[in-house]
Amino acid sequence: MKCFASIHDRKSRRYAIYYSMVLVVIMGTVAFETLQVIHQAPIQAAATFFEGFFSLFMLGRHEKVGNSLLVHLSKAKQIPRLSLF
């Protein structure tokens, strides 16, 4: 059980690395599914998206990652919006 302690301690460095790797794998799976390289049943696809959202939520709980995410989101507001009219 000692090896799983880093998954629950949101202040450790391994916590962010673990959930980042999970998110990368989920993003790759979704990309391959979008390109129709792999096919999943609807329940599997829903579980994949849930795992991705859960991983992103867990990354948001990490102090450094969460703070940098907020900084990047605040910078996104400065990007001018393109309008068609």
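The points below cover the model, its helices and a few residues.

1. Basis. The model is predicted, local features need pLDDT of at least 70, side-chain atom pairs count only at pLDDT 80 or more, and totals for chains, interfaces and linings use all residues. Residues are numbered from 1 along each chain as its sequence is written, and side-chain values use heavy atoms, with hydrogens and water left out.

2. Confidence. The average pLDDT of the chain is 80, and 75% of the residues score at least 70; pLDDT is the predictor's confidence in each residue, from 0 to 100. Within the chain, helix α1 (residues 5-8) has the lowest confidence, a mean of 60, while α3 has the highest, at 89.

3. Fold content. There are 4 helices and 0 strands in the chain, in the order α-α-α-α along the sequence. Helices (H or I, at least four residues) and strands (E, at least two) are DSSP runs, numbered from the N terminus. Among contacts with a separation of 6 or more, 53% are between residues 24 or more positions apart; contact means heavy atoms within 4.5 Å. Of the 85 residues, 20% are buried (buried is under 20% relative accessible area, exposed over 50%, partly exposed in between, with a 1.4 Å probe and protein chains only).

4. Geometry of α2 and α3. Helix α2 (residues 13-34) and helix α3 (residues 42-61) have axes that come within 9 Å and cross at roughly 150°. Therefore α2 is roughly antiparallel to α3. Axes are lines fitted to C-alpha atoms, for helices over the stretch in contact, and angles run from 0 to 180 degrees between N-to-C directions. Angles under 35 degrees count as roughly parallel, over 145 as roughly antiparallel, 65 to 115 as roughly perpendicular and the rest as oblique. The α2 and α3 crossing is left-handed, that is, the near helix is turned anticlockwise from the far one by less than a right angle; clockwise would be right-handed.

5. Residues in that contact. The α2 side includes Tyr15, Tyr19, Leu23, Ile26 and Val30, and the α3 side includes Ala45, Phe49, Gly52, Leu56 and Leu59. By class, 13 residues of the contact are nonpolar, 5 polar and 3 charged. Here Ala, Val, Leu, Ile, Met, Phe, Trp, Tyr, Cys and Pro count as nonpolar, Asp, Glu, Lys and Arg as charged, and the others, Gly among them, as polar.

6. Two residues of the pair. Tyr15 of helix α2 is buried, at a relative accessible area of 0%. Its C-alpha atom is separated by 8.1 Å from that of Leu59, 44 residues apart along the chain. Phe49, in helix α3, is partly exposed, with a relative accessible area of 42%. The C-alpha atoms of Phe49 and Ile26 are separated by 7.7 Å, and these residues are 23 apart along the chain.

7. The loop between α2 and α3. Gln36 lies in this loop and has a phi near 60°, a positive value in a residue other than glycine. Most residues other than glycine have a negative phi. Gln36 is exposed, with a relative accessible area of 61%. Ile38 is also found in the loop between α2 and α3 and is partly exposed, at 31% relative accessibility. Apart from neighbours within four places in sequence, Ile38 is in contact with Thr29, Phe32 and Glu33.
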